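Dear colleague,

Here is the structure I promised to hand over, with the sequence alongside.

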Amino acid sequence: MAVVEQVALRSGVRPAAAPAAFWTVTRLRVAAIVVIFALWEIAGSSGFFYSGVLPSSLLIFKAFVGLLLSASFWFHAGVTGFEVAAAFVIGISTGALTGLILGANRYTGAVFEPFLHYLAPTPKIVFLPILLILFGVGVGSKISLGAISCFFPMALSVAAGVRQVNPVYLRVGRTFNLTRLQTVRMIYLPALIPPIASGLRIGLGISIVGCLMSEIKLSRAGLGFSAMEYYRIFDIPSMLAVLVFIFVCAAAGNVVIDRYVRLPGPQTARA
Amino acid sequence: MSTITHTGALRRPPPIVTRFLVLAALFAVWEAASRAGYVSAFILPPPSAIFQSFEMLFVHEGLVAAFLRTFAEAFAAAGIGSLIGVAVGYTLHRVKIAGRAFTGWVAASASAPLVLLYPLFLVIFGRNSATIVAMGVVGCMPPIILKTKEGLDNVRPVLLNIGRSFGLTPWKQFWMIQFPAALPTIFNGVRIGLLFAIINVVGVEYLIVFGGLGQLISDLGDRFEIPGMYAGILFVILVSVCFFFITEKIETWLLSSK
Amino acid sequence: MTPVLRIKDVAKTFWTPNGGVRALEPISLDIRQGEFISIIGPSGCGKSTLMNIVGGLIEEYEGEVLVDGAAVRGCHKEIGMVFQEESTFPWRTAIDNVAFPLEAAGVPRHERLKRARELLKLVGLDGFEQRFPSELSGGMRQRIAIARTLAFQPRILLMDEPFAALDEQTRLLLGDKVLQIQQELNQTTMLITHNIAEAVQLSDRVLIMTFRPGRILRVVEIDLPRPRSSKLMGGEKFGQYVAAIWEDLRDEASKGLQEMEGARTG
C-alpha cells in the first residue's frame with residue numbers, strides 16, 4: 001500500500017516541475033557541440049599547451065578545405081579507401097563464411113570457436129611485423145591487417161546468430177515443406193540480418209583502425225602516412241583535418257550500414 | 001535409429017581433445033615445413049626456434065618488465081576510465097533526456113576508430129606514458145559508460161519500489177539497491193573496457209615505440225630478430241588470451257555467487 | 001466413409017544414454033471430416049509427442065499415420081501445425097506472414113496476397129495487413145500464425161496449446177474465433193491443451209491421456225449443440241463435462257506432479 005501511495009505521490013508531484021521540458025534532445029545535442037567547440041578554443045588559447053598544439057577550429061577548417069582542394073590528398077585518400085574496402089570485403093566475407101560453418105555444425109563450432117572467442121580481443125596490431133615480412137611495405141600488409149581485424153567480430157557474430165535462430169521458425173519451415181535452399185533464404189537469412197549488421201558495424205571501425213595504424217607505422221602512401229607527414233612538419237591543423245576526414249568517412253559508413261542492412265519494420269522491441 | 005546416432009556421437013572425441021590435436025598438428029606441420037625448407041625460416045621460423053628464443057626475451061630483452069609496464073598502463077587506463085565512465089553512465093541513466101541525446105553518440109564512438117586520435121595526444125602530452133594511458137582511457141570508456149547505463153536502466157522496478165517503501169534517501173537508494181543490482185553488468189563493462197585498453201595500449205606502444213610489449217615487438221622486428229619477434233607476438237597473444245579467460249571466469253563466478 | 005486422419009498403433013520410445021523412456025503406448029484414433037478433437041492430459045503425458053508425430057516433426061516411431069487412407073511420414077502438406085510459442089516472423093508484415101507458405105510453394109504474388117487477405121479477414125485482422133508482429137498483441141500474432149497455417153489449406157489443423165501464452169479473456173475470445181473458423185471451413189482440427197474448459201467448449205470429442213507412458217484413458221463425447229461460443233460456459237451440462245473430465249484427470253495430474261517433484265529433490 002505504502003509503495004502505491006508513494007509512487008502516486010511522486011508521479012503526482014512531477015507535473016508541477018514541468019518547466020524542465022526546455023531541454024529537448026536536439027537542443028541538448030546542439031548545446032553539447034557548442035560546449036565542445038568552446039572548450040577546444042579556450043584550451044587552445046589558454047597557454048596551458050604549446051602554441052599550435054590545439055589550433056583554432058577555424059584553422060582546422062581552413063586546412064580541411066585546403067586538403068579537399070589538393071590532388072595529393074585525394075591520392076592518399078584513394079589508397080586508404082582501396083585498402084579499407086579490400087580489407088573489409090575480404091575480412092567480412094571470410095568471417096561470415098566461417099561463422100556460418102561454425103554455427104551450423106555443432107561439433108566443428110565446439111572445436112574451433114574457442115580459438116576465435118579468445119583471439120578476438122587480442123591486439124591485432126602485433127601481427128603487423130609478420131605481415132610486413134610477408135607482404136611488404138605496400139598495400140598488402142595494410143589490407144591483410146585490416147582483414148584480420150574485422151574477420152573475428154563478423155565470424156563470432158554470425159556463428160552466434162545461426163545458433164540463436166529461433167527453433168520454432170525452423171519448425172514452421174518444416175511443416176510447410178521448405179526446401180533446404182528456401183529455409184536458408186526465407187528463414188536463416190532474414191534472421192541473420194541483425195548479427196550481420198552488428199558484425200559489419202564493428203568490422204568497419206576496426207578495419208579502418210587496422211589499415212590506418214599500419215600506414216602510420218610504416219608506409220609510403222595513404223591517409224595515415226599523410227597525417228604522420230603533417231605531424232613531422234608540425235602542421236597540426238592539417239593533421240587534425242586528415243583525422244576529421246577519416247572520422248567523417250567512418251561515420252558515413254556506419255550510417256550506410258544502419259540504413260541499408262536492416263530488417264523491414266519498426267526497429268525496436270525485436271525478439 | 002536414435003541409438004545409432006547415439007553411439008556415433010560417442011566415437012568422436014570431446015571437442016577439447018580435438019581442439020588440442022588440431023593445434024598440435026598445426027605446429028607439427030609448421031615445424032616440418034620450416035625444417036624441410038618449404039618455407040623460408042626467415043619468414044616463418046620453426047616453432048622450436050621460436051620457443052627457444054623465449055629464454056633470450058626473458059634474460060636479455062626484459063620481457064617481464066615490458067609485460068608489467070604494459071599491464072600497469074592498461075590497468076591505470078581502465079581505473080581512470082571506470083571512474084569517469086561509471087559517472088557518465090550514471091548521469092545518462094539519471095538524466096533521461098541526456099541519455100536519449102547522447103547514448104547513441106557513445107555507442108557510435110565504440111565502433112569509431114578513436115585510437116587514431118593518438119597523434120593529438122602525442123602533441124599534447126609528448127611521447128611518454130601519459131599519451132599511452134590517455135589512449136587506453138579513450139578506448140575503455142564507451143563499453144563502461146554503456147554497460148553502466150544498461151545495468152542501472154534494467155534494475156527491476158520492484159526492487160526500487162521496495163527501497164521506496166522503506167523510505168530510503170536517493171543516495172541510499174543508489175548504494176543499497178541500484179548499484180549492487182547493476183554491479184554484474186557494470187563489471188562486464190569494466191572487463192570489456194580493460195580488454196580495449198590493453199589493445200589500445202599495446203597498439204600505441206608499438207606505433208610510437210615507447211615502453212612495454214609494443215615497443216619490444218617493434219624493436220625485435222627492426223633488428224630482424226625474427227624468432228624473437230614471433231615469440232614476442234606469441235607472448236602478447238597468450239597473455240591477452242589468459243587475461244580474457246581469467247576475467248571471464250571471475251565474471252561467471254561473480255554472477256553465480258549472486 | 002474413410003476417416004480423414006487415422007492414427008494406427010502409434011507408439012514412441014525416446015532413447016537416452018541411460019536407456020529408453022516410453023513416451024507413448026500404442027494409440028489408435030480415427031478422426032472424421034470436420035471433427036474437432038481435443039487431447040488433454042497432465043504435463044509429460046506425451047501429448048506433444050503425439051502431435052509432433054502426426055505433424056511429421058518426429059519421423060521415428062512405431063505404427064502408422066494415415067491421411068485419407070494413405071500412410072504419411074514426415075511433414076505433409078495435408079497437415080498444418082500451429083505452435084504454442086511465438087512463431088510469426090518479425091521481419092514480415094502480417095499479410096506476408098500469412099502468405100509465407102504460398103510464397104514457398106511458388107504461388108504468384110497477386111494470388112497469394114489475395115488469399116492471405118481473405119484469411120486475415122477470416123481471423124478478424126482485416127486492416128492490419130501492413131503491420132509488423134511487433135506492433136500487434138500476442139493474441140493477434142497467434143491469429144496470424146493460425147491464418148498462416150490455414151493458407152496451406154491443410155486437411156487437418158493441429159494446434160499445440162496455441163493459447164497457452166495468452167491471458168484468460170483473450171484465450172476465450174480466441175476460442176470463439178477458432179470455433180467460427182472451424183464451422184465456416186468445416187475444418188478438421190486436433191487441439192492439444194491442458195485447459196479443461198477450453199477442450200469442452202471447442203470439441204466434439206475429448207481424449208484424456210494418462211501420465212507417462214501416455215495412453216488414452218477415456219474418450220468423452222461432448223454432446224453440446226453447435227454452433228457454439230464461449231457463452232456455453234455458464235450451462236449446467238458444460239459444468240458436468242468439466243467436472244467429469246477433471247475427475248479422471250486428477251489422479252494422472254497428481255501422479256505427474258509427484259514425479260516432477262521427486263525428480264527435483266532426487
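A residue is called buried here when its relative accessible area is under 20%, and exposed when that value is over 50%. By that cut-off Thr70(B), with a relative accessibility of 1%, counts as buried. Please keep in mind throughout that this is a predicted model.

Thr70(B) belongs to helix 4 of chain B, which covers residues 63-94. Leaving aside neighbours within four places in sequence, Thr70(B) is in contact with Val201(B), Val202(B), Glu205(B), Gly212(B) and Leu213(B).

Turning to the nonpolar cores, the largest has 92 residues, and the members that touch the most others are Val126(A), Ile208(A), Leu223(A), Ile246(A), Leu116(B) and Tyr118(B). Helix 11 of chain B (residues 226-256) gives this core its largest share, namely 11 residues. Tyr118(B), not counting residues up to four places away in sequence, touches Ile216(A) and Met228(A) from chain A, as well as Thr131(B), Met135(B), Val204(B), Leu207(B) and Ile208(B) from chain B. Another core, of 46 residues, lies apart from the largest one and includes Val4(C), Met51(C), Val65(C) and Ile79(C).

In chain C there is an open sheet of four strands, in the order 2-1-4-5, with antiparallel pairing. Strand 2 (19-31) and strand 5 (70-72) of chain C stand at the edges with a single partner strand each, so one side of each has no neighbour in the sheet. On average, and ignoring direction, neighbouring strands of this sheet are turned by 35° against each other. Strand 4 of chain C (residues 62-67) pairs with strand 5 of chain C over three bridges in the antiparallel sense, and Leu66(C) stands opposite Ala71(C) of strand 5. Helix 1 of chain C (residues 47-55) lies across strand 1 (5-16), strand 2 and strand 4 of that chain, and runs at about 115° to strand 1.

Finally, the second largest pocket has a volume of about 1300 Å³. Its lining is made of 32 residues, of which Leu119(A), Leu23(B), Phe27(B), Leu234(B) and Ile237(B) are the closest to the centre. At least two lining residues each come from helix 5 (106-119), helix 6 (128-135) and helix 7 (139-163) of chain A, and from helix 2 (15-36) and helix 11 of chain B.

With best wishes

Definitions and conventions
Residues are numbered from 1 along each chain as its sequence is written. Chains are lettered from A and ligands numbered from 1 in the order in which they are written. This is a predicted model: local features need pLDDT of at least 70, side-chain atom pairs count only at pLDDT 80 or more; totals for chains, interfaces and linings use all residues. Side-chain values use heavy atoms; hydrogens and water are left out. Two strands pair if DSSP finds at least two bridges between them. Axes are lines fitted to C-alpha atoms, for helices over the stretch in contact, and angles run from 0 to 180 degrees between N-to-C directions. Contact means heavy atoms within 4.5 Å. A nonpolar core is a set of buried Ala, Val, Leu, Ile, Met, Phe, Trp, Tyr and Cys residues joined through side-chain atoms within 4.5 Å. Buried means under 20% relative accessible area, exposed over 50%, partly exposed in between (1.4 Å probe, protein chains only). On a 1 Å grid over the protein atoms alone, a cavity is a set of points where a 1.4 Å probe fits but cannot get out, and a pocket is an open set with protein on both sides within 12 Å along at least five of seven lines; lining residues have an atom within 4 Å of a point. Grid points are joined across faces, edges and corners, and a volume is the space filled by probe spheres set on the points.
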